[in-house]
Amino acid sequence: MSLRHIVLWRLDADDADTRALHAEELRTRLEGLQDVIPEIDSIQVGPNVAFPGANWDVALVSEFADTEALERYIVHPAHQEVVEFVRSVTKDRAAIDVPL
């Protein structure tokens with residue numbers, strides 16, 4: 001069963017300029033994984049553009065062939081390297097995996 005993996009983050013920075021820089025760095029690093037991790041069928045990352053403060057700051061939407069592919073992505077060393085950066089600039093995370 002194909003899966004859509006959705007992750008939301010709240011950024012830790014207090015000022016809008018730093019949040020924007022961190023959001024762009026998250027996008028660049030995460031979307032760059034598609035060229036490195038074959039299990040990723042698609043990946044898109046973007047900042048929130050409406051209702052700041054009420055909505056989450058950054059969203060990731062990615063697709064995988066099955067749960068096993070998602071699990072291989074999660075433990076992949078390149079993903080783990082990006083996770084270190086993500087954790088350094090975020091304060092909250094929510095995720096859900098839904099069937100396609």
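## How the terms work

A residue counts as buried with under 20% relative accessible area, as exposed with over 50%, and as partly exposed in between (1.4 Å probe, protein chains only). The structure above is a predicted model, in which local features need pLDDT of at least 70 and side-chain atom pairs count only at pLDDT 80 or more, while totals for chains, interfaces and linings use all residues. Residues are numbered from 1 along each chain as its sequence is written, and side-chain values use heavy atoms, with hydrogens and water left out.

Let's start with charge pairs. Side chains of opposite charge can pair when their charged atoms come close. For a salt bridge, a side-chain nitrogen of Lys or Arg must lie within 4 Å of a carboxyl oxygen of Asp or Glu. By that rule, there are five salt bridges here.

Helix α1 runs over residues 16-32 (helices are DSSP runs of H or I with at least four residues, strands are E runs with at least two, and both are numbered from the N terminus). In one of its pairs, R29 meets E25 with 2.6 Å from N to O. The two sit four residues apart in α1, so about one helical turn separates them. Both are partly exposed: R29 has 33% relative accessibility and E25 has 30%.

R27 and E31 make another salt bridge, with their closest N and O atoms 2.9 Å apart. This pair is also four residues apart in helix α1, which means about one helical turn lies between R27 and E31. R27 is partly exposed at 26%, and E31 is partly exposed at 23%.

## A bridge across the chain

What does E39 pair with? Its salt-bridge partner is R72, and the closest N and O atoms are 2.9 Å apart. E39 belongs to the loop between α1 and β2 (40-47), while R72 belongs to helix α2 (residues 67-75), so this pair ties together parts that are 33 residues apart in sequence. E39 is buried, at 17% relative accessible area, whereas R72 is partly exposed at 42%. Back in the salt bridges that share partners, E24, R27 and E31 are joined into one network.

D57 sits in the loop between β2 and β3 (58-64). This residue is buried yet has no salt bridge, and R19, the nearest side chain of opposite charge, is 4.7 Å away. A polar atom of the D57 side chain does lie 2.6 Å from the backbone nitrogen of L11.

On the surface, D12, D14, D15, D17 and D92 gather in a patch of negative charge. Patch members have over 30% relative accessible area and no salt bridge, with like charges joined within 9 Å and nonpolar side chains (Val, Leu, Ile, Met, Phe, Trp, Tyr) within 5 Å. D12 is found in the loop between β1 (3-11) and α1, and at 43% relative accessibility D12 is partly exposed.

## Two distances to look up

L30 is part of helix α1 and is buried, with 3% relative accessibility. L30 and Q44 are 14 residues apart along the chain, and 8.2 Å separates their C-alpha atoms.

D97 is in strand β4 (residues 90-99) and is partly exposed at 39%.

Notes
Accessible areas come from the Shrake-Rupley method with a 1.4 Å probe; for residues, only the protein chains shown count as cover. Lys and Arg count as positive and Asp and Glu as negative; His and the chain ends are not counted. The place of a charge is taken as NZ of Lys, CZ of Arg, CG of Asp or CD of Glu. A polar contact is a pair of N or O atoms within 3.5 Å; within protein, one must be able to donate a hydrogen and the other to accept it, and residues adjacent in sequence count only if both atoms are side-chain atoms.
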